[in-house]
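My entries follow in the order in which I made them.

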Amino acid sequence: MSRTEALSPEQLREELEENTQNQAVGDTLLFENDKVKVWHICLQPGERIHYHRHNYDYFWTVLQDGQGVSNQEDGSQVSFTFKKGQTSFQNIIEQGSSIHDLKNTGTGILEFITTELK
């Protein structure tokens, strides 16, 4: 699910096209019922989780300080500095689905718990 090699813009576009329906938003699905899905994401320095689609409102909580960059469906990039305990809610139902990847650009492990609200 995660990779460390650098991808060209063309390779990123191909991966995006191949993963437009990928709903695995984390490395490990920890829990699922009819109301929620709880995912764990753990990326070593330089590792990335490939493109995935969010179809549900969700929130994530950072387990360790870190840095990352996310390639968006429209080709833009967003850089992040994460702080342990930081939590963010994403209103997907109101804004429409979201497709992106995430790469750990820091020197330590980048780790999250992501909870999707079905």
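I looked up the lining of the largest pocket and found ten nonpolar residues, twelve polar and one charged, where Ala, Val, Leu, Ile, Met, Phe, Trp, Tyr, Cys and Pro count as nonpolar, Asp, Glu, Lys and Arg as charged, and the others, Gly among them, as polar. I note here that the model is predicted, that local features need pLDDT of at least 70 and side-chain atom pairs pLDDT 80 or more, and that totals for chains, interfaces and linings use all residues. Residues are numbered from 1 along each chain as its sequence is written, and side-chain values use heavy atoms, with hydrogens and water left out.

The space in the largest pocket comes to about 390 Å³. A pocket is an open set of points on a 1 Å grid over the protein atoms alone, where a 1.4 Å probe fits, with protein on both sides within 12 Å along at least five of seven lines, and lining residues have an atom within 4 Å of a point. The volume is the space filled by probe spheres set on the points, which are joined across faces, edges and corners. Of the 23 lining residues, I found Tyr58, Trp60, Phe80, Gln90 and His100 closest to the centre. Strand E9 (98-104) is among the elements that supply at least two lining residues, and E9 gives the most, with four; helices (H or I, at least four residues) and strands (E, at least two) are DSSP runs, numbered from the N terminus.

Buried means under 20% relative accessible area, exposed over 50%, and partly exposed in between (1.4 Å probe, protein chains only).

Entry three, helix H1 (residues 9-18). I listed Leu12, Glu15 and Leu16 as its buried residues. Seen down the axis of H1, these fall within an arc of 105°, so they line one face of the helix; the arc is that of the directions from the helix axis to the C-beta atoms. On the other side of H1, Glu10, Glu17 and Glu18 are exposed.

Which residues does valine 25 contact, leaving aside neighbours within four places in sequence? I found Trp39, Ile41, Ile49, His52, Arg53, His54, Thr114 and Glu116, contact meaning heavy atoms within 4.5 Å. Valine 25 sits in the loop between H1 and strand E2 (28-32) and counts as buried, at 1% relative accessibility.

Threonine 115, in strand E10, is buried at a relative accessible area of 10%. Not counting residues up to four places away in sequence, threonine 115 touches Val36, Lys37, Val38, Asp57, Tyr58 and Phe59.

Serine 8, in the loop between strand E1 (2-3) and H1, is partly exposed, with a relative accessible area of 23%.
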